[in-house]
Amino acid sequence: MGAYSDRDGVNFRFVNEGMNTTPTDVKVEIRLADSAPITDETADIWGFGYEGQVGFSDGAILAYTESPIRSENHVTLLFSLEKGVLSPARQEPDSFESLKQTAFQGSDYDDSGAEQEEGTVSELILGMVILFGTPIALAAFFLGRSKKLRRRKLNRFAEKFGYFRDVPNSGNLSATYALGRLFDVCEDGSILATGMLRVIQLGCLSPVETQQVGLMGQTRETVSLRLMGSQHSQMNEYDEYLYTVLEGAAGADGILQAKELERFASQNDKLLRTYIEKHDSAGRAYLNQKHCLKRWNMPAKLTDLNPAGEQELGKLMGLKRYLTDFSLVAERGVKQMPIWRELLVYAMLFGIADQVAEQMKALYPQLSAELVDYSQSMVTAYSYHYLLYRNMKQAEDQREQEKRSGGGGGFASLGGGDGSIGGGSGGGTR
């Protein structure tokens, strides 16, 4: 740790590039000796050279890889503390800002929005941790777990349960989404697509096709959504929330157009994220009530599950396998309308509704007309979900980039990290 003119800090390389034996995973943790918390208010942190995250967790700075380390990778952390937190013995002639500028070269960090803060807190000492025989102020852990191994374990787990032909979690869609997100069965925000489909199917939104004349006199069809009111008896709190959000996006004519939706989603992304989090929170509450999980991790491990959770995850993954292989294993009873509609809702949650609908059309031609109408609703729901989610994520990503570039944590940069100490190039694991 060095004392610079503006802040105290260090740029330290924990894992070298060009190693002859590379660790699968790396975790780095920074704590103060007297257990006083390190927070975003008093510290800034950046990571370089690896695919993974860096940030603040439980009063400490925590960095970890999300992909196996390769020979061209390294794990370098740049962090700083307010003046007065420590009393470093090593006095540096330059500013920490100059050290940061060197480290940022070749990275995807943008320091234009970074702010410097001045302040004084009680003097603390950064603890020295001795690990693998190397005394350093931080700890690097090689954990030996990869995403490929995780997928393999999940696939073996799902095979034990086989196909599941009923709805999981007693029909609680929020719980299925929450559990599916933990184990990568559902994509982030996929519950928004099912919500769009539901309000369309309830008749609260009505697709309106219009033709627009473009350049060279060519016409193209566009689909807008007319707001039909939110008085439907089957609407639940999620339907009402989503309808209110869409109502705010629509113009005075009560017709929601794609451009209006894009603009609204970019400016009100937190409203959409709240909708997604409402489902996730309700789902987690249900899973807690059923004692499905011992602990909540993201991503979760099979060892985080209680027996009840193993059963629910097995059903969830079994249903997705059943829907994916629908044309091979479908039973005649699915031609009943309530069943196939419900199945398609879950297929939409899993992101496979289009292929399942096509399989249903081929298997049950007598349902062709109903499936065509339903498919059109799904296409509309998908399209508007895509607009909502894409613009919501763009706004979130912009805020995330400003936060991570300012030292608030986030995903690490593969490039950059020059000017570090403690590392070098080559060697083996320490």
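This passage describes the fold of a predicted protein model, from its overall make-up to single residues.

The model is predicted, so local features are reported only at pLDDT of at least 70 and side-chain atom pairs only at pLDDT 80 or more, while totals for chains, interfaces and linings use all residues. Residues are numbered from 1 along each chain as its sequence is written, and side-chain values use heavy atoms, with hydrogens and water left out.

The protein averages a pLDDT of 83. This score is the predictor's confidence in each residue, from 0 to 100. Of the residues, 85% score at least 70. In residues 112–145 the pLDDT is below 50. Beyond near neighbours in sequence, this stretch has 86 contacts in the model. A contact means heavy atoms within 4.5 Å.

The protein contains 12 helices and 15 strands. Both are DSSP runs, numbered from the N terminus: helices are H or I with at least four residues, and strands are E with at least two. Buried residues make up 46% of the 430 residues. Buried means under 20% relative accessible area, exposed means over 50%, and partly exposed lies in between (1.4 Å probe, protein chains only). Among contacts between residues at least 6 apart in sequence, 74% join residues at least 24 apart.

An open sheet is formed by 5 strands in the order β4-β7-β2-β1-β8. Its pairing is mixed. Two strands pair if DSSP finds at least two bridges between them. Strands of a sheet pair through backbone hydrogen bonds, either parallel or antiparallel. The edges are β4 (43–48) and β8 (90–91). Each has a single partner strand, so one side of each is left without a neighbour in the sheet. Within the sheet, β2 (residues 8–15) and β7 (residues 75–81) pair in the antiparallel sense over 7 bridges. V15 stands opposite V75 in β7. Helix α1 (residues 96–104) packs on the sheet and touches β2, β4 and β7. The direction of α1 makes about 155° with that of β7. Such angles run from 0 to 180 degrees between N-to-C directions, and axes are lines fitted to C-alpha atoms, for helices over the stretch in contact.

Strand β3 (residues 26–30) has two faces. V26, V28 and I30 form the covered face, while K27 and E29 form the uncovered one. β3 runs antiparallel to β6, and 4 bridges join them. The bridge partner of K27 in β6 is Y64.

Helix α5 packs against two helices, α4 and α6. The axes of α4 (residues 190–201) and α5 (residues 237–249) come within 10 Å and cross at roughly 85°. α4 and α5 are therefore roughly perpendicular to each other. Angles of 65 to 115 degrees count as roughly perpendicular, under 35 as roughly parallel, over 145 as roughly antiparallel and the rest as oblique. From α4, the contact is made by L192, G195, M196, R198 and V199. From α5, D239, L242 and L246 take part. These residues divide into 5 nonpolar, 1 polar and 2 charged. Here Ala, Val, Leu, Ile, Met, Phe, Trp, Tyr, Cys and Pro count as nonpolar, Asp, Glu, Lys and Arg as charged, and the others, Gly among them, as polar.

α5 and α6 (residues 258–267) pack at an angle of about 110°, with their axes 9 Å apart. They are therefore roughly perpendicular to each other. V245, L246, G248 and A249 of α5 meet E260, L261 and F264 of α6. The residues of this contact divide into 5 nonpolar, 1 polar and 1 charged. E260 is buried, with a relative accessible area of 15%. The C-alpha atoms of E260 and A249 are 6.1 Å apart, and the two residues are 11 apart in sequence. Leaving aside neighbours within four places in sequence, E260 is in contact with A249, A250, G251 and I255.

L414 lies in the segment after β15 (410–411). L414 counts as partly exposed, at 49% relative accessibility. L414 and E51 are 363 residues apart along the chain, yet their C-alpha atoms are separated by 6.4 Å. Not counting residues up to four places away in sequence, L414 touches G49, Y50, E51 and N73.

D58 lies between β5 (52–57) and β6 (60–65) and is exposed, with a relative accessible area of 66%. D184 is found between α3 (173–182) and α4 and is partly exposed, at 48%.
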